[in-house]
There are 2 protein chains.
Amino acid sequence: MRPALSVATLRRRRIHWRLMNMSSLPGFRDFYPADMALRLHIVRTWREVARRYGFVEYDGPPLESLELYTRKSGEEIVGQLYAFTDQGGREVALRPEMTPTFARMVAARAAGLPKPIKWFSVPQLFRHERPQKGRLREHFQLNLDIVGETSVASDVEVVAAAIDVLREFGLGEEDFEVRYSDRRLISGILVELGVPETGLPGAFAALDKADRESSEWVLDRLAESGVPRGAATDVLALADVDLQELAHRFGGSSEVVDSLERLRRFQTQLEATGLGGFARFDVRLVRGLAYYTGLVFELWDRRGRFRAICGGGRYDDLLEAVGGPALPALGFGMGDVVLAELLRDRDLVPDLSVALDDFVVHVSEEQLPEALRIVHALRGRGRRVAFDYRSRGVARQFKVAHQAGAGRVIVVGPEEVERGECVVRTMATGEERRIGLAELLADSS
Amino acid sequence: MRPALSVATLRRRRIHWRLMNMSSLPGFRDFYPADMALRLHIVRTWREVARRYGFVEYDGPPLESLELYTRKSGEEIVGQLYAFTDQGGREVALRPEMTPTFARMVAARAAGLPKPIKWFSVPQLFRHERPQKGRLREHFQLNLDIVGETSVASDVEVVAAAIDVLREFGLGEEDFEVRYSDRRLISGILVELGVPETGLPGAFAALDKADRESSEWVLDRLAESGVPRGAATDVLALADVDLQELAHRFGGSSEVVDSLERLRRFQTQLEATGLGGFARFDVRLVRGLAYYTGLVFELWDRRGRFRAICGGGRYDDLLEAVGGPALPALGFGMGDVVLAELLRDRDLVPDLSVALDDFVVHVSEEQLPEALRIVHALRGRGRRVAFDYRSRGVARQFKVAHQAGAGRVIVVGPEEVERGECVVRTMATGEERRIGLAELLADSS
């Protein structure tokens with residue numbers, strides 16, 4: 001066995017190198033304690049709402065077989081993957097999304113799991129994209145899915161959960177809205193307008209960009225997908241059409257009629273939850289991914305300052321298509337980056353600093369053992385407690401206690417040790433009292 | 001833009017492939033909900049104890065520059081790294097340990113951070129080792145460190161925190177012990193015994209294996225490190241020597257005398273915390289890593305069934321040696337794999353299943369909107385609530401509620417809707433009562 005390098009050797013090596021100058025990789029974040037507190041606040045809130053809805057948490061490995069991703073999304077996703085060959089010669093990749101792992105895990109136990117499966121996860125995901133506002137090379141994402149349900153009520157459940165997550169952060173109807181549509185509805189309409197079946201995936205991808213790109217750009221993409229020019233113009237003109245008008249214009253298509261009926265029930269039920277005011281039908285909301293089969297939705301900042309906060313929908317054929325069980329499913333993903341930007345924008349990041357409950361001051365080093373006894377007894381009662389490791393002067397210790405936001409300072413000097421007492425100062429009021437140790441511990445639970 | 005693949009295309013591709021047959025990579029874990037509950041229990045407990053001790057949480061990226069690791073540990077660590085060249089041509093690696101990231105982050109802000117820095121983290125770490133009992137290719141690890149302190153009290157603080165973490169899981173003095181020593185003490189002794197300075201790192205590495213390997217093996221390694229045969233035998237014979245005997249035998253070495261004095265203060269202070277019974281001096285406990293400079297310690301199962309549960313020590317020169325600030329530091333790492341094995345072995349995994357608070361039964365589909373209203377009002381009060389998405393028969397719904405462990409079932413039928421009431425059944429007692437909705441919500445906060 002070769003021993004590790006000695007510190008002397010390390011010292012010699014550092015001539016051309018300074019750790020001080022190193023930073024994390026571009027697009028990757030360091031979470032210093034204040035940043036970490038916000039991340040924990042976000043994850044805690046995600047978990048709390050998922051818990052209320054009766055979902056249970058799972059996770060998979062951040063590193064998976066490359067094949068798991070290329071099979072679902074095709075070779076083109078490899079361009080954004082952190083993919084490599086490991087020491088054992090396996091082609092592997094850092095997970096760029098959670099759905100393939102989710103599908104793999106559900107597939108392995110599909111028969112034994114009671115339906116509906118209601119699972120959520122909070123994975124860190126990785127894509128080698130150009131870092132930009134709201135998009136990094138890693139992010140944390142709430143994934144929440146229901147498997148084994150086709151009911152409208154399960155559509156409502158997933159959308160309501162997404163809304164309630166944002167409400168739990170303090171965001172209201174004035175802050176965001178849910179735009180929703182139905183993939184079957186839009187494909188029915190496109191077919192009625194003369195778009196060939198083979199042109200549908202291209203048409204979905206083009207419509208997905210209709211908000212951000214010029215009409216010309218969208219019309220060109222539609223033409224590339226084999227959509228006749230006249231139909232393409234009609235598709236673009238759908239923007240402001242409501243359900244009633246659609247029913248009137250496309251009443252001849254059973255696909256359109258059925259999905260309009262389903263959308264009406266969706267609306268009624270969402271109203272019943274009390275969350276109807278957050279949601280708006282938008283026929284052009286299709287989402288880019290080819291695999292959606294019904295409801296599609298996105299959550300957007302009403303002030304238009306950010307990318308989509310959350311997106312999801314129903315993917316009834318996907319699990320089977322990727323080689324998994326033939327089970328319908330739906331769900332959404334919500335990332336932490338845009339969400340954190342939105343919370344900061346609306347001043348909804350709470351004070352997350354954690355103050356000490358108690359700081360135990362010892363007057364001189366002789367009282368250190370007694371201070372340690374008290375510190376550990378208080379910690380044993382669940383309190384957050386610190387003391388001075390160096391037995392510095394009392395004034396200095398009080399200053400540290402103050403900076404740490406301690407609620408109480410407990411002073412132990414020679415007299416106190418002799419009498420089995422201590423002095424307790426409540427920092428907010430300045431009130432001081434001398435009490436016995438038994439009383440201190442009784443007061444501190 | 002190329003559109004994503006259609007489901008039809010995906011279907012064609014799956015001919016030779018079944019997701020059902022895929023598993024995670026060897027040495028990587030899937031966390032199904034029950035596994036995830038245990039992982040969350042472990043992480044929650046780690047955080048709770050770190051919090052009580054006044055530590056704050058940080059995190060860094062799981063992917064870092066390869067150089068960050070090769071600089072600290074030398075090129076040989078590359079053999080265990082998941083290292084690759086990313087799309088941008090950068091040499092990168094999945095983090096195999098947290099200390100380099102910790103050193104990098106502290107270095108970047110060292111001047112502005114109040115000392116002592118008391119930070120902890122719960123990273124997932126990655127090493128391409130042969131998977132075996134207690135060792136996988138990924139694990140989660142509590143890292144807890146203090147920077148900017150040389151005091152004995154800070155040594156005690158870190159060891160006490162490690163002990164209290166295990167106590168918080170329900171483990172007691174009969175379950176585990178802390179073995180500790182001092183790297184300066186052992187190097188002073190080795191020098192006194194005639195081991196040349198250059199042979200020290202090799203001697204540390206050999207002693208680290210003394211428990212697991214034969215005496216012959218250890219003697220051979222010591223010889224390779226330039227330790228004379230006579231000295232090597234003396235080193236091995238140190239196993240059962242206590243502090244008093246060491247003071248007697250090596251009283252001529254100021255390094256030995258100083259570190260013995262420091263160890264005595266360490267013992268006195270650890271006794272004061274009430275945790276002295278967990279700890280045992282073991283002169284041969286050196287830990288393999290070259291960079292320790294003082295206290296070294298490990299937590300071991302007293303029944304000898306598992307690998308070390310936790311290990312750490314003081315590394316006063318490391319931050320500077322790797323190009324960071326000249327600050328003393330100490331800390332420990334505790335992984336989740338051995339810990340979980342130990343908890344299972346001692347039957348200390350609590351029941352972590354999460355039951356529903358309420359299940360809302362609706363008698364037929366007409367009452368679904370009213371049920372949704374109640375479900376969401378209860379969730380808004382923080383309760384964990386589910387209902388049947390398919391409006392199946394009442395008996396079926398009760399069965400599902402029972403299986404989900406619901407505390408209460410709330411029944412809404414046509415009569416109840418008309419009167420603004422519901423029937424509440426307490427599942428534990430079978431007691432049923434009819435109450436108004438206002439009363440239900442008042443009862444449910």
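Predicted model: local features only at pLDDT ≥ 70, side-chain atom pairs only at ≥ 80, totals over all residues.
**The axis**

Colour the two chains separately and superpose chain A on chain B. A rotation of 180° does this, with 0.0 Å of shift along the axis and an RMSD of 0.0 Å. That is how copies related by a two-fold axis stand to each other. The two copies use the same surface, as 99% of the contact residues of chain A recur in chain B.

**The interface**

Next, select the residues of each chain that contact the other. The selection holds 126 residues from chain A and 125 residues from chain B. Between them the chains bury about 11100 Å², and 60% of this area is on carbon and sulfur atoms. For the polar part of the interface, there are 33 residue pairs in polar contact across it, both residues of each pair being at pLDDT 80 or more. Salt bridges across the interface number 10.

Now show helix α2 of chain A, residues 33-52. This helix gives 8 residues to the side of chain A that touches chain B, the largest share.

**Salt bridges between the chains**

Start with A:Asp59 and B:Arg39, whose side chains meet in a salt bridge at 2.8 Å, N to O. A:Asp59 sits in the loop between β1 (56-57) and β2 (63-65) of chain A, while B:Arg39 belongs to helix α2 (residues 33-52) of chain B, and the pair crosses between chains. Are these two residues buried or exposed? A:Asp59 has a relative accessible area of 6% and is buried; B:Arg39, at 13%, is buried too.

Move to B:Asp30 and A:Arg104, a salt bridge of 2.7 Å, N to O. The pair joins two chains, because B:Asp30 lies in the loop between α1 (7-13) and α2 of chain B and A:Arg104 lies in helix α4 (residues 99-109) of chain A. A:Arg104 is buried, and its relative accessible area is 1%.

**Salt bridges within a chain**

Over all chains, the whole structure has 82 salt bridges. Switch to chain B and select B:Glu157 with B:Lys118. Their closest N and O atoms are 3.7 Å apart, in a salt bridge. The pair links distant parts of the chain, 39 residues apart: B:Glu157 is in helix α5 (residues 152-168) of chain B and B:Lys118 in strand β5 (residues 117-121) of chain B. B:Glu157 counts as buried at 1% relative accessibility, and B:Lys118 counts as buried at 11%.

Which residues of chain A are joined into one network by salt bridges that share partners? Select A:Asp175, A:Asp301, A:Arg305, A:Asp345 and A:Arg346 together to see it.

**Strand β12 of chain A**

Show residues 329-335 of chain A with their side chains. This is strand β12, and 7 of its 7 residues are buried. In a regular strand, side chains alternate between the two faces of the sheet. In β12(A), A:Ala329, A:Gly331, A:Gly333 and A:Gly335 point one way, and A:Leu330, A:Phe332 and A:Met334 the other way.

Strand β7 (residues 138-147) of chain A runs antiparallel to β12(A) and is joined to it by 7 bridges. To find this pairing, select A:Gln141, which stands opposite A:Gly335. Strand β11 (residues 310-314) of chain A is also antiparallel to β12(A), with 5 bridges between the two. Here A:Cys310 has A:Met334 as its bridge partner.

**Last stop: A:Phe297**

Select A:Phe297 in strand β10 (residues 295-301) of chain A. With a relative accessible area of 0%, A:Phe297 is buried. How far from A:Phe297 is A:Asp347, in sequence and in space? The two are 50 residues apart in sequence, and their C-alpha atoms are 26 Å apart.

Notes:
Residues numbered from 1 in each chain as written. Chains lettered and ligands numbered in written order. Heavy atoms only, no water. Buried < 20%, exposed > 50% of the residue type's maximum accessible area, 1.4 Å probe, protein only. Helix = DSSP H or I, 4+ residues; strand = E, 2+ residues; numbered from the N terminus. Pairing = 2+ DSSP bridges. Least-squares fit on C-alpha atoms with pLDDT ≥ 70 in both. Contact = heavy atoms within 4.5 Å. Buried area = accessible area lost by both parts, 1.4 Å probe. Salt bridge = Lys/Arg side-chain N within 4 Å of Asp/Glu carboxyl O. Polar contact = N/O pair within 3.5 Å; in protein donor to acceptor, adjacent residues only side chain to side chain.
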